[in-house]
Protein chains: 2
Amino acid sequence: MLEEIREQPAALERTLHSGLRRADAFRRIIARRRPRLIVLVARGTSDNAALFGRYLLEITTGIPVSLAAPSISTLYQARLDYRDALVVAISQSGESTDTNHILEKARTQGALTLGITNEPSSSLAALAEHVFLVRAGKEKSIAATKTYTGQILLLYLLAYSLSGAVRAKELERLPGLVDSALRLEPEIRELSERYRFMHHAVVVGRGMNYANAFEFALKLMETCYVVAERFSSADFLHGPIALVEPSFPVFAFAPPGVTWGSIGTTLEKLQSLRAEVVAITDRGNRDAVRRATRVIELPRRTKELLTPIPYIVPAQLFTACLAEQKGLNPDRPRTLSKVTLTL
Amino acid sequence: MLEEIREQPAALERTLHSGLRRADAFRRIIARRRPRLIVLVARGTSDNAALFGRYLLEITTGIPVSLAAPSISTLYQARLDYRDALVVAISQSGESTDTNHILEKARTQGALTLGITNEPSSSLAALAEHVFLVRAGKEKSIAATKTYTGQILLLYLLAYSLSGAVRAKELERLPGLVDSALRLEPEIRELSERYRFMHHAVVVGRGMNYANAFEFALKLMETCYVVAERFSSADFLHGPIALVEPSFPVFAFAPPGVTWGSIGTTLEKLQSLRAEVVAITDRGNRDAVRRATRVIELPRRTKELLTPIPYIVPAQLFTACLAEQKGLNPDRPRTLSKVTLTL
C-alpha cells in the first residue's frame with residue numbers, strides 16, 4: 001500500500017498525459033450531444049471518486065448530477081429515462097457487475113456513455129462508448145490508493161471537456177503537489193503512533209473534500225478496522241455530533257476557502273466538547289492550527305478546487321502507518337477480495 | 001420519544017386523509033408540467049426520508065432523481081439547470097436555511113417546486129409553489145420519529161401523483177401495519193437490555209429499506225451515543241465488512257422480496273464471522289430466522305414496496321428502549337437542538 005501511495009506522482013503524470021488528448025476529443029462529442037443530466041455509477045472506493053465527481057461537475061458545469069443507486073435497475077428492474085444523459089461508470093477493475101449492467105442498459109437507451117477504469121481490456125472498457133484510462137499500473141494492494149487519485153484526475157478531465165472552469169495548466173500542477181505531500185511521511189508515521197489504540201473515529205469534510213471524508217473513513221475501516229463514520233460538517237452538526245465526548249477522535253479536511261466557515265465552526269464546537277481533532281490543511285489556513293489538537297499541514301498551498309488529490313495523500317499515509325502500528329497488513333485486509341461481485 | 005412513536009398510526013391516518021386530496025390535485029399539475037428530473041433537498045432525518053424517496057420515485061416513475069448537495073449552491077454559488085425539474089424540499093420545521101435557499105433558487109429558474117413539512121406557517125410552506133403537509137402534530141422530542149414516517153407517507157403520495165404504481169388502497173393499510181408493529185414494544189424492551197453496553201454497530205439495508213438503515217443508525221447515534229455505521233449490504237461487502245469480528249453487532253432490515261438475496265448473502269457471511277446479527281423481518285421470511293442471532297418479526301406481512309414505514313417502527317422502539325437502558329434521555333440528546341441552521 002505504501003509503495004503504491006508513493007507511485008502516485010508518476011501515475012498521475014501518465015494519466016494526465018494520455019487523458020488530455022482523450023478529453024480534447026471528448027469535448028467535441030459533448031458539443032454535439034449536450035447532456036442535460038450526468039449519472040455517475042460506481043461501488044466502493046470508485047463510488048467515493050464518483051461522489052467527488054458529483055461536486056466537481058455540478059460546480060463547474062451547472063448540469064445536475066445523479067449518483068446511481070444500482071439496485072434500482074438490478075433488483076427492481078426499473079427502466080430509468082437516461083436518454084439525454086451522460087452516464088459515467090467508474091471501476092478500477094472494470095468488472096463490477098452492477099456498474100456494468102447499468103452502463104449497458106443506458107447505452108441501449110441512447111445515453112452517451114463513458115467508462116473510467118484502470119483496465120483497458122476490461123468488460124467496462126468494451127461496454128462504454130468512450131473510455132478514459134487510469135494509467136496507474138497494476139494495483140496490488142486491496143486498499144485502493146493510486147487508482148482513486150487517478151479516477152479523480154480523470155473526473156477533472158471530464159469537467160475540462162464540459163466547461164472552461166477547469167484548465168489543463170492547473171491540472172499539470174497536481175503531480176508536483178502530491179510529490180510534496182508525500183514528504184510528510186516521516187511526520188505522519190510519528191503522529192500515527194498516538195492512535196495505536198483508536199477503535200472508532202469520525203471523519204468530516206465538505207464540498208470538494210466531502211468525498212475524501214468517505215474515502216479516509218473507508219480506508220480506516222478496511223485496513224485498520226477502526227469504526228470510522230463520515231459526514232459533511234453540516235450533517236454532523238445536525239445530529240451525529242451527540243456522539244462526541246472528551247477525547248473522541250475526529251479527522252477533518254480543513255482547506256482554506258469557501259468550506260472553511262463550516263468546517264471552522266465545527267472544529268470550534270468540537271474544541272468546546274474537548275474532542276481530539278486532527279486537521280488536514282495547508283499554509284493558507286492558520287486558523288485551523290488554533291482549533292485542532294494536531295495538524296497535518298501540506299507544504300504547498302493549493303486553490304480549493306484542486307485540494308482533493310493532494311489532501312487525500314496524508315490520509316492514505318496515515319492509514320498505512322496506523323495499520324503498521326496496529327500490527328496489521330494493509331495489503332490484505334481480513335474478509336476482502338479485490339473484485340467484489342454484487343448480488 | 002416513546003409517546004410520539006406510539007402516535008404514529010393516528011398521525012399517518014390524518015396525513016393520508018388530507019394528503020390524498022392534495023395528491024390528486026398535484027397529479028393534474030404533473031400531467032401538464034411533465035418533469036424530466038426530480039431533485040430532493042433535505043438535511044438530517046428529512047434527508048433520510050429523501051433517500052427513501054429517491055428509491056421509491058425512480059422505481060415507480062422511471063424519472064431520474066438527484067439528492068441535492070446544498071453546499072454546491074450555498075457555498076460554491078453554482079447555478080444548476082433545474083428548468084425541467086421537480087424540486088422537492090423536505091423539512092420538519094420548514095426553517096432549514098440551506099434547504100429553503102435551494103428551493104427558492106429553483107423556483108426563480110422555473111422549476112416546479114413542492115414543500116413537504118410539518119409546519120403550515122413555515123418559511124418553506126411559503127416558498128414552495130405546492131405543499132404537502134405532515135399532520136403529525138407538534139414534535140417535541142429532538143429525535144424525529146412521527147415526522148419521518150409522515151414524510152415517507154407523503155413521498156408515497158407524490159409517487160401516486162406521478163405514476164400508477166402506488167395505489168391509495170394500499171397506502172390505507174399503513175396505519176394498521178404500524179399499529180400492529182407497535183405491539184412489539186414489550187418484546188423489544190426486553191431485547192434492548194442485551195445491548196446495554198453496545199458502543200458501536202453497523203446497520204444494513206438495501207433498496208426500499210436502505211434509507212431506514214441511515215435512519216436507524218442516526219437514531220442510535222443521536223439518542224444512545226452508539227457509533228453506528230450504515231451501509232447498503234452491497235457496499236458493506238465491498239470493504240467495511242473487514243471491521244467485523246466475533247460478537248460485532250449488526251442490525252439488518254431483512255424483508256422478504258427482491259432485496260433478500262443480497263441481505264441474505266450478507267447475513268450468511270456475517271454468520272461465518274460469528275457476528276451478532278439482529279434481523280428485522282416479517283412472517284414471510286423464515287430464512288432470516290436461521291441466519292440471525294436475534295429476530296424482530298413484524299406481526300403482519302407486507303408487500304416489499306410498503307415495508308419502510310412498518311419496518312422503521314421496531315427500530316424506533318429499540319432506540320428509545322436502549323436509551324432508557326443506558327440511562328439517557330432520548331428527548332434531549334446532549335449537544336443538539338431541534339432546528340439546525342447550516343453555514
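This is a predicted model: local features need pLDDT of at least 70, side-chain atom pairs count only at pLDDT 80 or more; totals for chains, interfaces and linings use all residues.
Helices here are DSSP runs of at least four residues and strands are runs of at least two, both numbered from the N terminus.

- Ser247(B) is exposed, and its relative accessible area is 55%.
- Leaving out residues up to four places away in sequence, Ser247(B) touches Arg274(B), Ala275(B) and Glu276(B).
- Glu276(B) sits 29 residues from Ser247(B) along the chain, yet their C-alpha atoms are separated by 4.9 Å.

**H11(A) against H15(A)**

- Two packed helices are described by the angle between their axes and the distance between those axes.
- In chain A, helix H11 (residues 210-224) packs on helix H15 (residues 308-325) at about 15°, and the axes are 10 Å apart.
- An angle under 35 degrees counts as roughly parallel, so H11(A) is roughly parallel to H15(A).
- The crossing of H11(A) past H15(A) is right-handed.
- On the H11(A) side, the contact is made by Asn212(A), Glu215(A), Phe216(A), Lys219(A), Leu220(A), Thr223(A) and Cys224(A).
- Facing them from H15(A) are Pro308(A), Tyr311(A), Ile312(A), Ala315(A), Phe318(A), Thr319(A), Leu322(A) and Ala323(A).
- Sorted by class, this contact of H11(A) with H15(A) holds 10 nonpolar, 3 polar and 2 charged residues.

**A closer look at Thr319(A)**

- Where does Thr319(A) sit? Its place is in helix H15 of chain A.
- Is Thr319(A) buried or exposed? Thr319(A) counts as buried, because its relative accessibility is 0% and the cut-off for buried is under 20%.
- Not counting residues up to four places away in sequence, Thr319(A) touches Met1(A), Phe216(A), Lys219(A), Leu220(A), Thr223(A) and Cys224(A).

**H7(A) against H15(A)**

- H15(A) also packs with helix H7 (residues 146-162) of chain A, at an angle of about 170° and with the axes 10 Å apart.
- H7(A) and H15(A) are therefore roughly antiparallel to each other.
- H7(A) brings Tyr148(A), Thr149(A), Ile152(A), Leu153(A) and Tyr156(A) to the contact, while H15(A) brings Pro308(A), Ile309(A), Ile312(A) and Gln316(A).
- The residues in this contact of H7(A) with H15(A) divide into 7 nonpolar, 2 polar and no charged.

**The nonpolar core**

- In soluble globular proteins, nonpolar side chains tend to be buried together.
- In this model, the largest nonpolar core has 278 residues.
- Which of its members touch the most others? Tyr156(A), Leu158(A), Tyr156(B) and Leu158(B) do.
- Setting aside residues up to four places away in sequence, Leu158(B) touches Phe26(B), Leu57(B), Leu86(B), Val88(B), Leu114(B) and Phe132(B).

**Two residues with positive phi**

- Tyr225(A) is not a glycine, but its phi is positive, near 55°.
- You'll find Tyr225(A) in the loop between H11 and strand E7 (227-232) of chain A, and at 18% relative accessibility Tyr225(A) counts as buried.
- Gln77(B) is not a glycine either, and its phi is positive at about 55°.
- Gln77(B) lies in the loop between helix H4 (71-74) and strand E3 (85-91) of chain B, where it counts as exposed at 55% relative accessibility.

How values were computed: Residues are numbered from 1 along each chain as its sequence is written. Chains are lettered from A and ligands numbered from 1 in the order in which they are written. Side-chain values use heavy atoms; hydrogens and water are left out. A nonpolar core is a set of buried Ala, Val, Leu, Ile, Met, Phe, Trp, Tyr and Cys residues joined through side-chain atoms within 4.5 Å. Buried means under 20% relative accessible area, exposed over 50%, partly exposed in between (1.4 Å probe, protein chains only). Contact means heavy atoms within 4.5 Å. Axes are lines fitted to C-alpha atoms, for helices over the stretch in contact, and angles run from 0 to 180 degrees between N-to-C directions. Angles under 35 degrees count as roughly parallel, over 145 as roughly antiparallel, 65 to 115 as roughly perpendicular and the rest as oblique. A crossing is left-handed if the near helix is turned anticlockwise from the far one by less than a right angle, and right-handed if clockwise. Ala, Val, Leu, Ile, Met, Phe, Trp, Tyr, Cys and Pro count as nonpolar, Asp, Glu, Lys and Arg as charged, and the others, Gly among them, as polar.
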